Amino acid sequence: MKRRHEEEFMAFAAARTAPLFRSACVLTSGDAHLAEDLVQDTLGRMYANWRKIAQVDDPAAYTHTVLVRTYLSYRRRRSNSEQPTDTLPDSGAAPEHDATLRVTLLDALGRLSARDRAVLPHGRHGAAHPRGT
């Protein structure tokens, strides 16, 4: 990017950062950290295409459109469904009182025919269902 364009962008970004942040806070229901990320992503996209965007009739309105689209893209991502929690999930270690049950189940599985064992799901979390039920 030419120095003139870079200076134009820096002036534009300095003037638009606060309004973009306020809009991002509204979009994110007050999540300031996410709002900052959205503003940064938006300005990064604007910087990459500044020569074209500077020629748009209203670059400020265009920037808000980019912000909203960036937010919608974030919402569609699979990782967005992750939510923080105060409790940790189970460690995966079986409690001691389940040891007897585990031995009983392994013994029962060992008595199944090879054909019946073949239809059982493998892994720790699969439910064992005999064929035909």
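Visitor: Among contacts between residues at least 6 apart in sequence, what percentage join residues at least 24 apart?

Guide: In this chain, which is a predicted model, 54% of the contacts between residues at least 6 apart in sequence join residues at least 24 apart.

Visitor: How should I read a pair of packed helices, and what angle do helix 1 and helix 2 make?

Guide: One reads the angle together with the distance between the axes, and then asks which residues meet. Helix 1 and helix 2 pack at about 150°, their axes being 9 Å apart, and because angles over 145 degrees count as roughly antiparallel, these two helices are roughly antiparallel to each other. The crossing of helix 1 with helix 2 is right-handed.

Visitor: Which residues of helix 1 and helix 2 meet?

Guide: From helix 1 the contact includes Phe-9, Phe-12, Leu-20, Phe-21 and Ala-24, and from helix 2 it includes Leu-38, Val-39, Leu-43, Met-46 and Tyr-47. Sorted by class, the residues of this contact are 14 nonpolar, 1 polar and 2 charged.

Visitor: What is the angle between helix 1 and helix 4, and how far apart are their axes?

Guide: Helix 1, residues 3-27, packs against helix 4, residues 59-76, at about 40° with the axes 10 Å apart, and the two helices are therefore oblique to each other. Their crossing, too, is described as right-handed. On the helix 1 side the meeting residues include Phe-12, Arg-16, Leu-20, Ala-24 and Leu-27, while on the helix 4 side they include Pro-59, Thr-63, Leu-67, Val-68 and Tyr-71. By class, the contact of helix 1 with helix 4 has 10 nonpolar, 3 polar and 1 charged residues.

Visitor: At what angle do helix 2 and helix 4 cross?

Guide: The axes of helix 2 and helix 4 cross at roughly 125° and come within 9 Å, which makes helix 2 oblique to helix 4. Helix 2 passes helix 4 in a right-handed crossing. Among the residues making this contact are Leu-34, Leu-38, Asp-41, Arg-45 and Met-46 of helix 2, together with Tyr-62, Val-66, Leu-67, Tyr-71 and Tyr-74 of helix 4. The contact of helix 2 with helix 4 divides into 10 nonpolar, 3 polar and 2 charged residues.

Visitor: How do I read a nonpolar core, and how many residues are in the largest one?

Guide: In soluble globular proteins, nonpolar side chains tend to be buried together. Here the largest nonpolar core has 17 residues, and those with the most contacts inside it are Phe-9, Ala-24, Leu-38, Leu-43, Met-46 and Trp-50. The elements that give two or more residues to this core are helix 1, helix 2 (32-48), helix 3 (50-53) and helix 4. Leaving aside residues up to four places away in sequence, Leu-38 touches Ala-24, Thr-28, Leu-67, Thr-70, Tyr-71 and Tyr-74.

Visitor: Is Thr-28 buried or exposed, and which residues does Thr-28 touch?

Guide: Thr-28 sits in the loop between helix 1 and helix 2, and because the limit for a buried residue is under 20% relative accessible area, Thr-28 at 10% is buried. Apart from residues up to four places away in sequence, Thr-28 touches Leu-34, Ala-35, Leu-38 and Tyr-71. Tyr-71, in turn, lies in helix 4 and counts as buried at 14% relative accessibility; beyond its neighbours within four places, Tyr-71 is in contact with Leu-27, Thr-28 and Leu-38.

Visitor: How should I read a backbone angle, and what is the phi of Ser-29?

Guide: Most residues other than glycine have a negative phi. Ser-29 has a positive phi of about 55° although it is not a glycine. Ser-29 is found in the loop between helix 1 and helix 2, and at 70% relative accessibility Ser-29 counts as exposed.

Note on methods
Residues numbered from 1 in each chain as written. Predicted model: local features only at pLDDT ≥ 70, side-chain atom pairs only at ≥ 80, totals over all residues. Heavy atoms only, no water. Axes fitted to C-alpha atoms, helices over the stretch in contact; angles between N-to-C directions. Helix = DSSP H or I, 4+ residues; strand = E, 2+ residues; numbered from the N terminus. Parallel < 35°, antiparallel > 145°, perpendicular 65-115°, else oblique. Left-handed = near helix turned anticlockwise from the far one by under 90°. Contact = heavy atoms within 4.5 Å. Nonpolar A, V, L, I, M, F, W, Y, C, P; charged D, E, K, R; others polar. Core = buried A, V, L, I, M, F, W, Y, C linked by side-chain atoms within 4.5 Å. Buried < 20%, exposed > 50% of the residue type's maximum accessible area, 1.4 Å probe, protein only.
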